[in-house]
Amino acid sequence: MAVLAFCILQTVVRAWYSGVELSSPLRLVTRNAVSLMFPLPLSYLPKIQALPGIRKVGYAYWFEGIYIDKRHFFPQFAMSLPGYLEMYPEFIFKPEELDKLIKDRRGCAAGRKLAARYGWRVGDAIVLKGTYFQGEYRFVLRAIYTGRDPNTDETQFFFHWDYLNETLKKTAPQMADQVGWYMVQVERPELAPEVSQAIDAAFKNSLAETLTETEAAFNLGFVEMTSAILLAIRVVTWLVIGVILVVLANTMAMNARERLGEYAVLKTLGFRPRHLTGLIVGESLLLSLAGGTLGLGLSPPTLRLFPKEVEQYFPGLFIGQDTLVLGFITAIMVGLLSAVLPSWRAGRVAIAEALRRVG
């Protein structure tokens, strides 16, 4: 149970950082220097594109829409399609579906897990009720993407920024021609610091100054907002291992006390302390690895019992090979540490004293 809990908690922490791990060193994010809640003018686009070292530029806006009711949350983005998606090779589309998505102004795309959650099929009509962007927005599902990597987020929802902007020009003109952030792809990773400084310098002292950072730093900023929760999970993870270490160490110590007479007899037959240590360590490792292996085997099926809604917040939720290896190593370390005190006592036991205690 300890190893099972250890693996599950480690998986949750890893999923929390999945966005950081999947970040590309070629991608930069330019947002408003005050906060992500403040938009940037669309007029910044040609100025950013003109800077040296930049390969592609896209833009997007977070769209906080309601599907059915507020409980049915999933990430929604208004994007400059297809340019934005060209910077994300980890999103795999069928060519014919991607072509229809690009041509249809009201077309939208959804991840495989999101589509499976609601039973969506290509061609279905989807209606979102805007909260920040007031109004009712009607879409047609034109594409369903899959992830290139196992921890790629397949729960996102994309649609054309142009559709949103055209609607805003009619309903809220003051909010039109604005974007949430610019996604910038540089030619080489080593150009990222130079390009970041150039972008921010171009808009210094403007009405909307910019802050440009790597995609990893941008995603890490969201993770750090919940650093206290992550710290609590990490502490609980190792406390679980600490508790089982104490339990197993106490079990081995009790066994050693009950077998002092047996150890004394073995010593009279010529067994040396290293032989007794081998017996005790072997027993401790057998116990810890038996339980640890069972815990490792139960981890994947236990993770499947999580509610489907959890994947909306932890898209990279799967038991990785490194987590299983860490769990196995932890089981070995628990077995070795639990045998330290009993082995030391067995090696120092006096034959006459042990036999006298038995008698």
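Visitor: Why does Glu 190 count as exposed?

Guide: In this predicted model, Glu 190 has a relative accessibility of 54%, and since exposed means over 50%, Glu 190 counts as exposed.

Visitor: What makes the pair of Glu 190 and Arg 188 a salt bridge?

Guide: Their side chains meet at 2.9 Å, N to O, and because the cut-off for a side-chain nitrogen of Arg and a carboxyl oxygen of Glu is within 4 Å, the pair qualifies as a salt bridge. Arg 188, with 40% relative accessibility, counts as partly exposed, a class that lies between the limits of 20% and 50%.

Visitor: How many salt bridges does a search of the whole structure find?

Guide: The search finds 12 salt bridges, and among them is the pair of Glu 215 and Arg 27, whose closest N and O atoms are 2.7 Å apart. Glu 215 belongs to helix α9 (residues 215–224) and Arg 27 to strand β1, so this pair ties together parts that are 188 residues apart in sequence. Both Glu 215 and Arg 27 are buried, and a network of salt bridges links Arg 27, Glu 90 and Glu 215.

Visitor: Why does Thr 30 count as buried?

Guide: Buried means under 20% relative accessible area, and Thr 30, with 0% relative accessibility, therefore counts as buried. Thr 30 has its place in strand β1 (residues 27–32), and, leaving aside neighbours within four places in sequence, Thr 30 is in contact with residues including Leu 40, Trp 181, Ile 199 and Thr 212.

Visitor: What makes the side chains of Thr 30 and Thr 212 a polar contact?

Guide: The side chains of Thr 30 and Thr 212 make their polar contact at 3.0 Å, which can be set against a cut-off of within 3.5 Å for a pair of N or O atoms.

Visitor: How do you know that β3 and β5 pair?

Guide: Pairing requires at least two bridges found by DSSP, and β3 and β5 are joined over three bridges in the antiparallel sense, with Ala 60 standing opposite Met 79 in β5. On β5 and β10, the pairing is in the parallel sense over four bridges, and Ala 78 has Phe 159 in β10 as its bridge partner. From β5, Gln 76 and Ala 78 point one way while Phe 77 and Met 79 point the other way, and all are buried.

Visitor: Which residues of helix α7 are buried, and what covers them?

Guide: In α7 (residues 161–171), the buried residues are Trp 161, Tyr 163, Leu 164, Asn 165, Thr 167 and Leu 168, and their cover includes β3, β5, β9, β10 and β11.

Visitor: Why does Leu 336 count as partly exposed?

Guide: Leu 336 has 35% relative accessibility and so counts as partly exposed, the class between 20% and 50%.

Technical notes
Residues numbered from 1 in each chain as written. Predicted model: local features only at pLDDT ≥ 70, side-chain atom pairs only at ≥ 80, totals over all residues. Heavy atoms only, no water. Buried < 20%, exposed > 50% of the residue type's maximum accessible area, 1.4 Å probe, protein only. Helix = DSSP H or I, 4+ residues; strand = E, 2+ residues; numbered from the N terminus. Contact = heavy atoms within 4.5 Å. Polar contact = N/O pair within 3.5 Å; in protein donor to acceptor, adjacent residues only side chain to side chain.
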